[in-house]
Amino acid sequence: MEFALLVLDDGYYKVELAGGYCDGNCSVCRKCTNNRNIVTLIREENAEFYQKYVLDHQTRTAELCKKVSKALSLDESEKRILIQSALLHDIGKLLINFKILSKDTSLSPFERRIMEFHPSKGAEWLKERDFPEEIVTIVETHHERYDGIGYPYGLKGDEIPFLARVLAVCDAFEVMIKGRHYKLPKSLTEALNELKKEKNIQFDGEIVIAFTEMWYNEIKRKKKVVV
(Lines give C-alpha, C1' and ligand atoms only; values in the text may rest on other atoms or scores of the structure.)
Protein backbone atom coordinates (compact mmCIF):
# COMPACT_ATOMS: atom_id res chain seq x y z
CA MET A 1 0.00 0.00 0.00
CA GLU A 2 0.95 3.63 -0.43
CA PHE A 3 -0.32 6.80 1.17
CA ALA A 4 -1.32 9.99 -0.62
CA LEU A 5 0.32 12.41 1.76
CA LEU A 6 0.17 16.19 2.06
CA VAL A 7 3.73 17.59 2.24
CA LEU A 8 5.27 21.07 2.39
CA ASP A 9 7.78 21.63 -0.39
CA ASP A 10 9.56 24.94 -1.03
CA GLY A 11 6.83 26.90 0.68
CA TYR A 12 3.87 25.19 -1.02
CA TYR A 13 1.73 22.25 0.02
CA LYS A 14 1.38 19.44 -2.49
CA VAL A 15 0.46 15.75 -2.47
CA GLU A 16 3.04 12.99 -2.81
CA LEU A 17 2.79 9.21 -2.69
CA ALA A 18 4.72 7.53 0.10
CA GLY A 19 5.19 3.85 0.82
CA GLY A 20 3.41 2.52 3.86
CA TYR A 21 2.18 -0.61 5.56
CA CYS A 22 -1.48 -1.46 6.00
CA ASP A 23 -2.71 -4.69 7.60
CA GLY A 24 -6.35 -3.82 7.06
CA ASN A 25 -6.96 -3.82 10.80
CA CYS A 26 -8.44 -0.33 10.67
CA SER A 27 -10.41 -0.46 13.89
CA VAL A 28 -7.11 -0.70 15.80
CA CYS A 29 -4.58 1.20 13.65
CA ARG A 30 -6.58 4.17 12.37
CA LYS A 31 -3.39 5.68 10.94
CA CYS A 32 -5.28 7.08 7.94
CA THR A 33 -7.73 9.03 10.09
CA ASN A 34 -5.39 10.00 12.92
CA ASN A 35 -2.75 11.50 10.62
CA ARG A 36 -4.48 14.57 9.19
CA ASN A 37 -1.86 14.87 6.42
CA ILE A 38 -2.83 11.53 4.90
CA VAL A 39 -5.41 12.07 2.17
CA THR A 40 -6.14 8.42 1.49
CA LEU A 41 -4.64 4.97 1.13
CA ILE A 42 -3.59 4.00 -2.42
CA ARG A 43 -3.21 0.47 -3.75
CA GLU A 44 0.21 -0.11 -5.30
CA GLU A 45 -1.32 -1.20 -8.62
CA ASN A 46 -3.16 2.13 -8.82
CA ALA A 47 -0.29 4.36 -7.75
CA GLU A 48 1.06 5.00 -11.27
CA PHE A 49 -2.34 6.20 -12.45
CA TYR A 50 -2.71 8.63 -9.55
CA GLN A 51 0.82 9.91 -10.04
CA LYS A 52 0.39 10.51 -13.77
CA TYR A 53 -3.17 11.81 -13.98
CA VAL A 54 -3.61 13.59 -10.64
CA LEU A 55 -0.35 14.51 -8.93
CA ASP A 56 1.84 15.27 -11.96
CA HIS A 57 -1.12 17.05 -13.58
CA GLN A 58 -1.44 19.33 -10.55
CA THR A 59 2.28 20.16 -10.65
CA ARG A 60 2.21 20.99 -14.37
CA THR A 61 -0.95 23.06 -13.94
CA ALA A 62 0.75 25.02 -11.18
CA GLU A 63 3.65 25.75 -13.56
CA LEU A 64 1.18 27.10 -16.12
CA CYS A 65 -0.41 29.25 -13.42
CA LYS A 66 3.02 30.58 -12.53
CA LYS A 67 3.59 31.53 -16.18
CA VAL A 68 0.25 33.23 -16.72
CA SER A 69 0.37 35.12 -13.42
CA LYS A 70 2.99 37.39 -14.95
CA ALA A 71 0.94 37.93 -18.11
CA LEU A 72 -2.03 38.90 -15.94
CA SER A 73 0.11 41.18 -13.73
CA LEU A 74 -0.95 39.39 -10.55
CA ASP A 75 0.62 40.64 -7.35
CA GLU A 76 2.76 38.30 -5.23
CA SER A 77 -0.10 37.36 -2.90
CA GLU A 78 -2.46 36.48 -5.77
CA LYS A 79 0.31 34.51 -7.49
CA ARG A 80 0.99 32.43 -4.37
CA ILE A 81 -2.71 31.74 -3.81
CA LEU A 82 -3.15 30.69 -7.46
CA ILE A 83 -0.11 28.39 -7.48
CA GLN A 84 -1.07 26.81 -4.15
CA SER A 85 -4.63 26.24 -5.36
CA ALA A 86 -3.34 24.63 -8.57
CA LEU A 87 -1.11 22.24 -6.61
CA LEU A 88 -4.17 20.94 -4.76
CA HIS A 89 -7.06 21.56 -7.16
CA ASP A 90 -7.76 17.87 -7.90
CA ILE A 91 -7.13 16.54 -4.40
CA GLY A 92 -10.81 15.58 -4.30
CA LYS A 93 -10.16 13.02 -7.06
CA LEU A 94 -8.16 11.03 -4.51
CA LEU A 95 -11.43 10.65 -2.60
CA ILE A 96 -13.43 9.38 -5.61
CA ASN A 97 -13.94 5.67 -6.29
CA PHE A 98 -10.97 4.53 -8.39
CA LYS A 99 -13.10 2.48 -10.79
CA ILE A 100 -15.00 5.63 -11.73
CA LEU A 101 -11.90 7.84 -11.83
CA SER A 102 -9.99 5.44 -14.09
CA LYS A 103 -12.85 4.41 -16.38
CA ASP A 104 -11.80 4.81 -20.02
CA THR A 105 -15.30 4.72 -21.52
CA SER A 106 -18.20 7.14 -21.14
CA LEU A 107 -19.42 7.66 -17.59
CA SER A 108 -23.02 6.92 -16.74
CA PRO A 109 -25.09 9.85 -15.43
CA PHE A 110 -24.62 8.52 -11.90
CA GLU A 111 -20.85 8.12 -12.34
CA ARG A 112 -20.57 11.60 -13.82
CA ARG A 113 -22.42 13.01 -10.84
CA ILE A 114 -19.98 11.26 -8.52
CA MET A 115 -17.06 12.74 -10.47
CA GLU A 116 -18.58 16.19 -10.19
CA PHE A 117 -18.33 15.94 -6.42
CA HIS A 118 -14.51 16.06 -6.52
CA PRO A 119 -14.14 19.87 -6.25
CA SER A 120 -16.45 19.94 -3.22
CA LYS A 121 -14.75 16.93 -1.63
CA GLY A 122 -11.34 18.52 -2.11
CA ALA A 123 -12.50 21.87 -0.75
CA GLU A 124 -14.05 20.19 2.30
CA TRP A 125 -10.84 18.27 3.01
CA LEU A 126 -8.74 21.45 2.79
CA LYS A 127 -11.20 23.46 4.90
CA GLU A 128 -11.02 20.85 7.66
CA ARG A 129 -7.26 21.43 7.73
CA ASP A 130 -7.59 25.20 8.01
CA PHE A 131 -6.39 26.15 4.53
CA PRO A 132 -7.14 29.81 3.68
CA GLU A 133 -10.67 30.49 2.51
CA GLU A 134 -9.41 31.84 -0.84
CA ILE A 135 -7.70 28.53 -1.67
CA VAL A 136 -10.66 26.44 -0.53
CA THR A 137 -13.00 28.52 -2.71
CA ILE A 138 -10.76 28.32 -5.80
CA VAL A 139 -10.48 24.54 -5.48
CA GLU A 140 -14.25 24.28 -5.05
CA THR A 141 -15.10 26.46 -8.08
CA HIS A 142 -12.41 25.61 -10.65
CA HIS A 143 -14.93 23.60 -12.71
CA GLU A 144 -17.50 26.37 -12.92
CA ARG A 145 -18.00 27.66 -16.47
CA TYR A 146 -18.24 31.24 -17.65
CA ASP A 147 -21.62 30.49 -19.28
CA GLY A 148 -23.06 29.15 -16.03
CA ILE A 149 -23.39 25.44 -16.83
CA GLY A 150 -20.39 24.26 -14.84
CA TYR A 151 -20.35 22.60 -11.42
CA PRO A 152 -20.86 22.35 -8.49
CA TYR A 153 -22.98 25.53 -8.22
CA GLY A 154 -23.62 26.71 -11.77
CA LEU A 155 -21.92 30.06 -11.14
CA LYS A 156 -21.68 32.41 -14.12
CA GLY A 157 -19.23 35.07 -15.29
CA ASP A 158 -17.94 37.29 -12.51
CA GLU A 159 -19.76 35.16 -9.92
CA ILE A 160 -16.81 32.78 -10.31
CA PRO A 161 -13.75 33.94 -8.35
CA PHE A 162 -11.18 35.47 -10.71
CA LEU A 163 -8.34 33.13 -9.74
CA ALA A 164 -10.64 30.13 -10.19
CA ARG A 165 -11.28 31.36 -13.74
CA VAL A 166 -7.52 31.55 -14.30
CA LEU A 167 -7.04 28.05 -12.90
CA ALA A 168 -9.81 26.72 -15.14
CA VAL A 169 -7.93 27.85 -18.27
CA CYS A 170 -4.58 26.44 -17.10
CA ASP A 171 -6.19 23.19 -15.96
CA ALA A 172 -8.01 22.61 -19.26
CA PHE A 173 -4.96 23.51 -21.35
CA GLU A 174 -2.74 21.08 -19.45
CA VAL A 175 -5.27 18.29 -19.92
CA MET A 176 -5.47 19.03 -23.66
CA ILE A 177 -1.72 19.03 -24.34
CA LYS A 178 -0.94 16.00 -22.14
CA GLY A 179 -4.04 13.92 -22.80
CA ARG A 180 -5.84 11.59 -20.47
CA HIS A 181 -6.18 7.85 -20.11
CA TYR A 182 -9.35 8.12 -22.22
CA LYS A 183 -8.19 10.60 -24.88
CA LEU A 184 -5.09 11.48 -26.89
CA PRO A 185 -3.26 14.80 -26.39
CA LYS A 186 -3.78 17.74 -28.70
CA SER A 187 -0.98 19.72 -30.33
CA LEU A 188 -0.11 23.09 -28.84
CA THR A 189 -1.87 24.86 -31.73
CA GLU A 190 -4.98 22.70 -31.40
CA ALA A 191 -5.16 23.37 -27.67
CA LEU A 192 -4.78 27.13 -28.11
CA ASN A 193 -7.46 27.12 -30.80
CA GLU A 194 -9.76 25.17 -28.48
CA LEU A 195 -9.30 27.79 -25.77
CA LYS A 196 -10.14 30.56 -28.23
CA LYS A 197 -13.20 28.63 -29.41
CA GLU A 198 -14.47 28.49 -25.81
CA LYS A 199 -13.79 32.18 -25.09
CA ASN A 200 -16.67 33.65 -23.06
CA ILE A 201 -18.40 30.27 -23.20
CA GLN A 202 -16.46 27.87 -20.99
CA PHE A 203 -13.70 30.33 -20.11
CA ASP A 204 -13.31 34.00 -19.26
CA GLY A 205 -12.40 35.65 -22.59
CA GLU A 206 -9.89 38.12 -21.15
CA ILE A 207 -7.97 35.34 -19.43
CA VAL A 208 -7.97 33.28 -22.63
CA ILE A 209 -6.56 36.25 -24.57
CA ALA A 210 -3.78 36.79 -22.02
CA PHE A 211 -3.00 33.06 -21.89
CA THR A 212 -2.89 32.52 -25.65
CA GLU A 213 -0.86 35.68 -26.26
CA MET A 214 1.63 34.48 -23.67
CA TRP A 215 2.06 31.20 -25.57
CA TYR A 216 2.24 32.80 -29.01
CA ASN A 217 4.97 35.14 -27.73
CA GLU A 218 6.85 32.17 -26.32
CA ILE A 219 6.56 30.31 -29.62
CA LYS A 220 7.89 33.37 -31.46
CA ARG A 221 10.85 33.62 -29.09
CA LYS A 222 11.72 29.97 -29.65
CA LYS A 223 11.53 30.38 -33.43
CA LYS A 224 13.56 33.58 -33.46
CA VAL A 225 16.99 33.12 -35.03
CA VAL A 226 19.77 35.06 -33.36
CA VAL A 227 22.48 36.16 -35.87
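Reply: What follows is a close look at the sheet and its surroundings. This is a predicted model, in which local features need pLDDT of at least 70 and side-chain atom pairs count only at pLDDT 80 or more, while totals for chains, interfaces and linings use all residues. Residues are numbered from 1 along each chain as its sequence is written, and side-chain values use heavy atoms, with hydrogens and water left out.

The open sheet consists of 3 strands in the order β2-β1-β3, with antiparallel pairing; strands are DSSP runs of E of at least two residues, and helices runs of H or I of at least four, numbered from the N terminus, and two strands pair if DSSP finds at least two bridges between them. β2 (12-19) and β3 (38-42) are the edge strands, each pairing on one side only, and the twist averages 30° from one strand to the next.

Strand β1 (residues 2-9) pairs with β2 over 8 bridges in the antiparallel sense, and here V7 stands opposite K14 in β2. β1 also pairs with β3, again antiparallel, over 4 bridges, where A4 stands opposite T40 in β3.

Helix α3 (residues 44-71) lies across β1, β2 and β3 and runs at about 160° to β2, angles being taken from 0 to 180 degrees between N-to-C directions of axes fitted to C-alpha atoms, for helices over the stretch in contact. Helix α4 (residues 76-88) also packs on the sheet, touching β1 and β2, and its direction makes about 20° with that of β2; contact means heavy atoms within 4.5 Å.

As for β3, 4 of its 5 residues are buried, so this strand is largely enclosed by the rest of the structure, where buried means under 20% relative accessible area, exposed over 50% and partly exposed in between, with a 1.4 Å probe and protein chains only.
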